[in-house]
Amino acid sequence: MLKVPRVCRFVPLYRRIMDDMGIAIRPIIAYRNPISVCASLMARNEIDDGRAQLYWLRHILDAEAHTRDLPRAFVAYESLLDNWREAVVPIAKRLDIIWPIQILDAASKIDAFLSRDLENHANSARDLAAEVRFTDW
């Protein structure tokens, strides 16, 4: 998993490379609350809210469009932070994934990678439902 939303823009390139290598592609699209993403983009890139919203929308729509014909799964990033062990079970089942490393063997590294300590902007689904700028979407 990559925690870099811009990677969505490179899906066509990665698909060609993986196809050439004979690697089966089963995308797992982790989506994050757009309020949190926009706050992060605004702080890091010093851009306005409207541009941050468009960046978030462009990334998530690219991820969806470029993987539409593939077996895929969607997961809320927040659910991975809350309880990744529980979140990956339906993903593995849906995509018929056999993990290359047993979950218990990888748990400490995954716990370190998916840490709320690294999250600078955290908003809930309730926040999103109440946020006027996203309600029309």
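Reader: Which residues are linked in a network of salt bridges?
Author: This is a predicted model: local features need pLDDT of at least 70, side-chain atom pairs need pLDDT 80 or more, and totals for chains, interfaces and linings use all residues. Residues are numbered from 1 along each chain as its sequence is written, and side-chain values use heavy atoms, with hydrogens and water left out. A salt bridge puts a side-chain nitrogen of Lys or Arg within 4 Å of a carboxyl oxygen of Asp or Glu. The network links Arg 9, Arg 58 and Asp 62.

Reader: How many residues apart are Arg 9 and Asp 62?
Author: Their side chains meet in a salt bridge, 2.7 Å from N to O. The pair links distant parts of the chain: Arg 9 lies in the segment before H1 and Asp 62 in helix H3. Helices (H or I, at least four residues) and strands (E, at least two) are DSSP runs, numbered from the N terminus. The separation of Arg 9 and Asp 62 is 53 residues.

Reader: Is Asp 62 buried or exposed?
Author: Buried means under 20% relative accessible area, exposed means over 50%, and partly exposed lies in between (1.4 Å probe, protein chains only). Arg 9 is partly exposed at 40%. Asp 62 has a relative accessibility of 10%, so it counts as buried.

Reader: Why are Arg 58 and Asp 62 separated by about one helical turn?
Author: The two form a salt bridge, with closest N and O atoms 3.1 Å apart. An α-helix has 3.6 residues a turn, so residues three or four places apart point the same way. Arg 58 and Asp 62 are about one turn apart because their spacing in helix H3 is four residues.

Reader: Which helices hold Asp 111 and Arg 85?
Author: A search of the whole structure finds six salt bridges. In one of them, the side chains of Asp 111 and Arg 85 meet at 3.0 Å, N to O. This pair links distant parts of the chain, 26 residues apart: Asp 111 is in helix H5 (residues 103–113), and Arg 85 is in helix H4 (residues 77–95).

Reader: What is the angle between the planes of the aromatic pair?
Author: The whole structure holds one aromatic pair. It joins Phe 10 and Tyr 14, 6.5 Å centre to centre, and is tilted. Rings of Phe, Tyr and Trp (its six-membered ring) pair if their centres lie within 6.5 Å; planes under 30 degrees apart are stacked, over 60 edge-to-face, the rest tilted. The angle for Phe 10 and Tyr 14 is 55°.

Reader: What accessible area does the nonpolar surface patch have?
Author: Patches take residues with over 30% relative accessible area and no salt bridge, joining like charges within 9 Å and nonpolar side chains (Val, Leu, Ile, Met, Phe, Trp, Tyr) within 5 Å. Phe 10, Leu 13, Tyr 14, Ile 17, Met 18, Met 21 and Ile 23 form this one. Accessible areas come from the Shrake-Rupley method with a 1.4 Å probe; for residues, only the protein chains shown count as cover. Together the patch residues have about 640 Å².

Reader: Which residues does His 66 touch?
Author: His 66 sits in helix H3 (residues 49–67). Its C-alpha atom is 8.3 Å from that of Cys 8, 58 residues away along the chain. Contact means heavy atoms within 4.5 Å. Not counting residues up to four places away in sequence, His 66 touches Cys 8, Val 11, Pro 12 and Arg 15.
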